[in-house]
2 protein chains.
Amino acid sequence: MTEISIIGTGNVAFHLSKELSSKKIDFKVFGRNISELKNFKNLFQVETFSLFSGINTQSLVVVCVKDDEIENVVNQLSINQKIVYTSGTLSLNLFKKRKNIGVFYPLQTFSKKRLIDFSQVPILIEANTKEFSDELVIFASKISSRVEFADSETRKKIHLAAVFANNFTNHILNISKNLMEKNNLDWDLLKPLIKETFSKIIEGKNPELLQTGPAKRLDFNTIKIQSDQLDGFEKLIYENITNSIIETHKK
Amino acid sequence: MTEISIIGTGNVAFHLSKELSSKKIDFKVFGRNISELKNFKNLFQVETFSLFSGINTQSLVVVCVKDDEIENVVNQLSINQKIVYTSGTLSLNLFKKRKNIGVFYPLQTFSKKRLIDFSQVPILIEANTKEFSDELVIFASKISSRVEFADSETRKKIHLAAVFANNFTNHILNISKNLMEKNNLDWDLLKPLIKETFSKIIEGKNPELLQTGPAKRLDFNTIKIQSDQLDGFEKLIYENITNSIIETHKK
């Protein structure tokens, strides 16, 4: 197995390092954040570097940085270096001049404080050559049992659906929590409801058929009372989602 | 135990009937929907009636109809009848002339096709007299281990937080599903992500600290690419939640 060079010390780099370390796959970590590099060194017994000059030119580089820093990082590496990046949205077309460039997109939300079973994380693969693509599949299959190909257009669509499924539901739950807590109410009271909401989805029920609530019932009196309790973005979100539910279920 | 008269044949009436039946608590069901009444009769071996004249005046009536039909139903019943309704938002102030009126609000989302463990469903109680309130607590405690008092103002706030926690997250998941399916992509690919999203919340993590994604990272290039893929309410929802995440995490 080729050595891996991870660039970045964020959540994706962290979980990938943890996984490579547990699988005894050789890797090194490169980043600008000195204190995070120290954490990685201590946690994963891995060599860390703050300069890219230490990158083995035969290694596979996994760029785990913010989308708008990826191009800049890639451009600092040798034209022959094998490189993948982990973005859901950035198109491979941006890197037409590279010899070996690809995407290794793990479809999951990562927090450093939480364990992830990487074997169940879908990994979406794309590469600019058949040979490099095959190599990436071999690498990804060592980490996950759910490796799939997705071109840039498809990956972009999946990423958008993932933003709704994770980022947006999480923020809506945060609004729910804040609505309780600003009234000194215990958010735990809603936990059985939240558990039921998502258990149904995980079990395979269709959310369209599960929809309940004032908007679904066209209970405009309750909708007015609820909207009047809100302001700012919370009010706008309330009104838009309510109208969207009404439109969806009118069909 | 007083006999229970359930008015309505919707999701709440269904699950309450199921629970009373399994607990061998005497009850009858009253409704307008003849075919649903037949279902209730068959499923729960219960007497059903299409006219309120059959209601035992000594029974406790549980009104399980849409919010905007509750007043109309209550007004058709004897002034001495003991009545509770199951609404999250309707204020008890609307019924000042009644002798025994109260609220029995189960904080859960109910679908007929799915089993509910009623013992874990928080039931919020309110009543216009101390005696009736005590009676309702005794009744509710036969069904759930999580019985709490909540006045109309508090219940209204909890209901609003519940609409975000259930109705809105469910609809956001439905948008996510539709975004995948209209591109012939399998929504199951997102299930590990959805499972992780909600497992964290159920385990007690704070959603504010779990937030990830383009809005959290201020990745405006990706936000633009994603917003451009949407139109109608989906675009409005995308933009408002994105702006709300940015505002929340700017603090």
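Reader: Leaving aside neighbours within four places in sequence, which residues is Ser119(A) in contact with?

Author: This is a predicted model. Setting aside the neighbours within four places, Ser119(A) is in contact with Ile143(A), Ser144(A), Ser145(A) and Arg146(A). Ser119(A) is placed in the loop between strand 6 (100–106) and strand 7 (123–127) of chain A. The side chain of Ser119(A) also has a polar contact of 2.7 Å with that of Asp117(A).

Reader: Is Ser119(A) buried, exposed or partly exposed?

Author: Buried means under 20% relative accessible area and exposed means over 50%. Ser119(A) has a relative accessible area of 25%, so Ser119(A) is partly exposed.

Reader: Now the chain as a whole. How many helices and strands are in chain A?

Author: Chain A has 9 helices and 8 strands. Its C-alpha trace spans about 65 × 40 × 35 Å along the principal axes. Of the 251 residues in chain A, 56% are buried. Contacts can also be sorted by separation in sequence: among those in chain A between residues at least 6 apart, 50% join residues at least 24 apart.

Reader: How should I read an aromatic pair, such as Phe14(A) and Phe40(A)?

Author: Look at the distance between the ring centres and the angle between the planes; an angle over 60 degrees counts as edge-to-face. Phe14(A) and Phe40(A) are 6.0 Å apart centre to centre, with 85° between the planes, and the pair is edge-to-face. Phe14(A) belongs to helix 1 (residues 11–22) and Phe40(A) to helix 2 (residues 34–44) of chain A, so the pair ties together parts 26 residues apart in sequence. Both Phe14(A) and Phe40(A) are buried. Over all chains, the structure holds 21 aromatic pairs.

Reader: Next, salt bridges. How many are there over all chains?

Author: Side chains of opposite charge can pair when their charged atoms come close. The count is 32 salt bridges over all chains. One of them joins Glu69(A) and Arg32(A), whose closest N and O atoms are 3.6 Å apart. Glu69(A) lies in helix 3 (residues 67–75) and Arg32(A) in the loop between strand 2 (27–30) and helix 2 of chain A, so this pair ties together parts that are 37 residues apart in sequence. Glu69(A) is partly exposed, with a relative accessible area of 27%, whereas Arg32(A) counts as exposed at 69%.

Reader: Where in chain B do Asp134(B) and Lys130(B) lie?

Author: They are 4 residues apart in helix 4 (residues 130–143) of chain B, and are therefore separated by about one helical turn. Asp134(B) is partly exposed at 32% relative accessible area, while Lys130(B) counts as exposed at 55%.

Reader: Which salt bridge partners does Arg114(A) have in chain B?

Author: Among them is Glu196(B), with an N to O distance of 2.7 Å. That pair crosses between chains, from the loop between strand 6 and strand 7 of chain A to helix 6 (residues 191–202) of chain B. Both Arg114(A) and Glu196(B) are buried. Arg114(A) also forms a salt bridge with Glu203(B), the closest N and O atoms being 2.5 Å apart. Salt bridges link Arg114(A), Glu196(B), Lys200(B), Glu203(B) and Lys205(B) in a network.

Reader: How many residues of each chain are in contact across the interface?

Author: 92 residues of chain A are in contact with 91 residues of chain B. The two chains bury about 9,000 Å² between them, 65% of it on carbon and sulfur atoms. Arg114(A), Phe164(A) and Leu189(A) supply 8% of the area that chain A buries against chain B, more than any other three residues. Between the chains there are 4 salt bridges and 35 residue pairs in polar contact, both residues at pLDDT 80 or more.

Notes. Residues are numbered from 1 along each chain as its sequence is written. Chains are lettered from A and ligands numbered from 1 in the order in which they are written. This is a predicted model: local features need pLDDT of at least 70, side-chain atom pairs count only at pLDDT 80 or more; totals for chains, interfaces and linings use all residues. Side-chain values use heavy atoms; hydrogens and water are left out. Contact means heavy atoms within 4.5 Å. Buried area is the accessible area (1.4 Å probe) that two parts lose on being put together, summed over both. A salt bridge is a side-chain nitrogen of Lys or Arg within 4 Å of a carboxyl oxygen of Asp or Glu. A polar contact is a pair of N or O atoms within 3.5 Å; within protein, one must be able to donate a hydrogen and the other to accept it, and residues adjacent in sequence count only if both atoms are side-chain atoms. Rings of Phe, Tyr and Trp (its six-membered ring) pair if their centres lie within 6.5 Å; planes under 30 degrees apart count as stacked, over 60 as edge-to-face and the rest as tilted. Helices (H or I, at least four residues) and strands (E, at least two) are DSSP runs, numbered from the N terminus. Buried means under 20% relative accessible area, exposed over 50%, partly exposed in between (1.4 Å probe, protein chains only).
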